[in-house]
Amino acid sequence: MTNLINLLTSLNIDEAKAIEYANRLKCVQIKKGEHFQMQGDFAKYMGYVDSGKFRYYKIDKEGNERTLWFSKSFPFIGDYHSFLKKTSAELCVQAMDNYEIVLFTYGQIMELFDMNTDTQKFRATLAERSMFGWRSIAFALHFDTAEERYMELLNDYPDIEKEIPLKHIASTLGISPETLSRIRKKLDKNT
C-alpha cells in the first residue's frame, strides 16, 4: 500500500488524503496461476500491484487460449475497456506469481481521477498506454515477422523464457510452439 500512497502523493494529492483514500480500498492476495479476472465475468475491478507479471488472454470459440500480452511494469491490471464500459470482461488476466492486489471499483477510480488536474492527466496516461499497447500489438502482427516479434519480446522481457511457458510466448507471437522452437534454434546457431 505504501507504493500506492507514493503514487497518489506524486499526483499532488495531500498525503493525509492519499492515506485516507487508500485505506478505503480493499486488498486481496492472488497466487501464481490464479486469475484476477475471467473472460465473461463482470469487469468489477481494476487492480493495483506494485510490480509483477500478468498474462492477458482470450478464449476463442474453439476453447483455445490466445495470449495477447504480458504486463510487467505498469501497476494497474484488468480489462480497462470493459471496466470503463461496465460490461463483461473480454479478457482473462492471470497472475504469473503470488501478489497482493489493491482493488478499485469504478466509483473509487472515478473519485481518484476527479481529485485534481494531475489525476486527470494520469487517467489520460492510462488510456494512452492502453491505446498504444493495442496499436503496437496490431502493427507487429501485421507487419513484423515472427522472428522480429520474438526478438522484440526478448528485448522487452529478457527473462521471459525462464518465467513464462513457451506455449504462452508462442501464442503471444501468433505462432505455434513448433515455429517458436525453430526460431529459437536458428537464433541459437547465429549467436
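This is a predicted model: local features need pLDDT of at least 70, side-chain atom pairs count only at pLDDT 80 or more; totals for chains, interfaces and linings use all residues.
Apart from neighbours within four places in sequence, Gln 108 is in contact with Tyr 21, Arg 24, Leu 25 and Leu 103.

## Aromatic pairs

Searching the whole structure gives 9 aromatic pairs. In one of them, the ring centres of Phe 54 and Tyr 99 are 5.0 Å apart and the planes stand at 35 degrees, so this pair is classed as tilted. Phe 54 belongs to strand β4 (residues 54-59) and Tyr 99 to strand β8 (residues 99-104), so the pair ties together parts that lie 45 residues apart in sequence. Phe 54 and Tyr 99 are both buried.

Another pair consists of Phe 83 and Tyr 106, with ring centres 6.0 Å apart and planes at 55 degrees, so it is tilted as well. Here the link is between helices: Phe 83 sits in α3 (residues 80-85) and Tyr 106 in α4 (residues 106-113), so parts 23 residues apart in sequence are tied together. Phe 83 has a relative accessible area of 1% and is buried, whereas Tyr 106, with a relative accessible area of 27%, is partly exposed.

## Aromatic cluster

One aromatic cluster is made up of Tyr 21, Tyr 48, Phe 76, Phe 104 and Phe 122. Of these, Tyr 21 is also among the residues in contact with Gln 108.

## Arginines over rings

Arg 55 is placed over the face of Tyr 57, 3.9 Å from the ring centre. Arg 135 is placed over the face of Phe 139, at 4.3 Å from the ring centre.

## Packing of α6 and α9

Helix α6 (residues 146-156) and helix α9 (residues 177-190) have axes that come within 10 Å and cross at roughly 75 degrees. The two helices are therefore roughly perpendicular to each other, since that class covers angles of 65 to 115 degrees.

On the α6 side, the contact involves Ala 146, Glu 147, Tyr 150 and Met 151. These meet Leu 180, Ile 183, Arg 184, Lys 186 and Leu 187 of α9. By class, the residues of this contact are 6 nonpolar and 3 charged, with no polar ones.

Definitions and conventions. Residues are numbered from 1 along each chain as its sequence is written. Side-chain values use heavy atoms; hydrogens and water are left out. Rings of Phe, Tyr and Trp (its six-membered ring) pair if their centres lie within 6.5 Å; planes under 30 degrees apart count as stacked, over 60 as edge-to-face and the rest as tilted. Helices (H or I, at least four residues) and strands (E, at least two) are DSSP runs, numbered from the N terminus. Buried means under 20% relative accessible area, exposed over 50%, partly exposed in between (1.4 Å probe, protein chains only). A charge sits over a ring if NZ of Lys or CZ of Arg is within 6 Å of the ring centre and within 35 degrees of the ring normal. Axes are lines fitted to C-alpha atoms, for helices over the stretch in contact, and angles run from 0 to 180 degrees between N-to-C directions. Angles under 35 degrees count as roughly parallel, over 145 as roughly antiparallel, 65 to 115 as roughly perpendicular and the rest as oblique. Contact means heavy atoms within 4.5 Å. Ala, Val, Leu, Ile, Met, Phe, Trp, Tyr, Cys and Pro count as nonpolar, Asp, Glu, Lys and Arg as charged, and the others, Gly among them, as polar.
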